[in-house]
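Visitor: I am new to this structure and would like to understand the words used to describe it. Could you show it to me and then take my questions in turn?

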Amino acid sequence: MAGVNPYIGASSAEPAKTPFKITFVVEETGEEKIFVVDPKQIPYGRIGLEGSVLDLAEGAGLEIDHACGGVCACATCHVKVTEGGSSCSKATEDEEDQLDSARDVDTDSRLSCQCVPNGTQDLRVVIPAWNKNLAREGH
Ligand code: FES
């Protein structure tokens, strides 16, 4: 089970129940990796909310930095959801507070550990170049 931040409210986000596709774009290299999410495999890892973009990236073999362990207490897992964002859980006030301290924030910005897609749309997720030492192929 993922860690829990006692200083924030519990999330009501529901992981996807149907398969969908995420195209991860590693901005630094231009590499794109398409990952088909199998809801039966959620959670793929042990970090972030179950079914979050961070969790799904782990399933795809991609690492995104997550300094606080995926509990909405930093902004290192900042990504940009450029397509399909409306199918994701809404950012909570706690997430928005953390994003206030992130660099290069725009309307597509999300904390990948808190952003949970519901599976009704395919996603395109950009891992920003400034995350360059931290976004890398997994094992
Ligand atoms: S890993 Fe710290 S907020 Fe997502």
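Visitor: Are Glu 95 and Arg 110 buried or exposed?

Guide: In this model, which is a predicted one, Glu 95 is buried, and Arg 110 is buried as well. The word buried is kept for residues under 20% relative accessible area.

Visitor: What makes Glu 95 and Arg 110 a salt bridge?

Guide: The closest N and O atoms of Glu 95 and Arg 110 are 2.8 Å apart, and because a salt bridge asks for a side-chain nitrogen of Lys or Arg within 4 Å of a carboxyl oxygen of Asp or Glu, the pair of Glu 95 and Arg 110 counts as one. Glu 95 lies in helix H2 and Arg 110 in strand E5, so the pair ties together parts that are 15 residues apart in sequence.

Visitor: How many salt bridges does the structure hold?

Guide: There are five salt bridges in the structure, and one of them joins Glu 32 to Arg 124, with 2.6 Å between the closest N and O atoms. This pair links distant parts of the chain, since Glu 32 belongs to strand E2 (residues 31-37) and Arg 124 to strand E6 (residues 123-127), 92 residues apart.

Visitor: Why is Glu 32 called partly exposed?

Guide: Glu 32 has a relative accessible area of 45%, and partly exposed is the term for what falls between buried, under 20%, and exposed, over 50%, so Glu 32 is partly exposed.

Visitor: What do the side chains of Lys 80 and Asp 106 form?

Guide: They meet in a salt bridge, at 3.1 Å from N to O. Lys 80 lies in strand E4 (residues 78-83) and Asp 106 in the loop between H2 and strand E5 (109-111), so the pair ties together parts that are 26 residues apart in sequence.

Visitor: Which residues form the negative surface patch?

Guide: The negative surface patch is formed by Glu 93, Glu 96, Asp 97 and Asp 100, and Asp and Glu count as negative.

Note on methods:
Residues numbered from 1 in each chain as written. Predicted model: local features only at pLDDT ≥ 70, side-chain atom pairs only at ≥ 80, totals over all residues. Heavy atoms only, no water. Patch = residues over 30% accessible without salt bridge, like charges linked within 9 Å, V, L, I, M, F, W, Y side chains within 5 Å. Areas by Shrake-Rupley, 256 points an atom, 1.4 Å probe, with all protein chains shown as cover. Charge placed at Lys NZ, Arg CZ, Asp CG, Glu CD. Helix = DSSP H or I, 4+ residues; strand = E, 2+ residues; numbered from the N terminus. Buried < 20%, exposed > 50% of the residue type's maximum accessible area, 1.4 Å probe, protein only.
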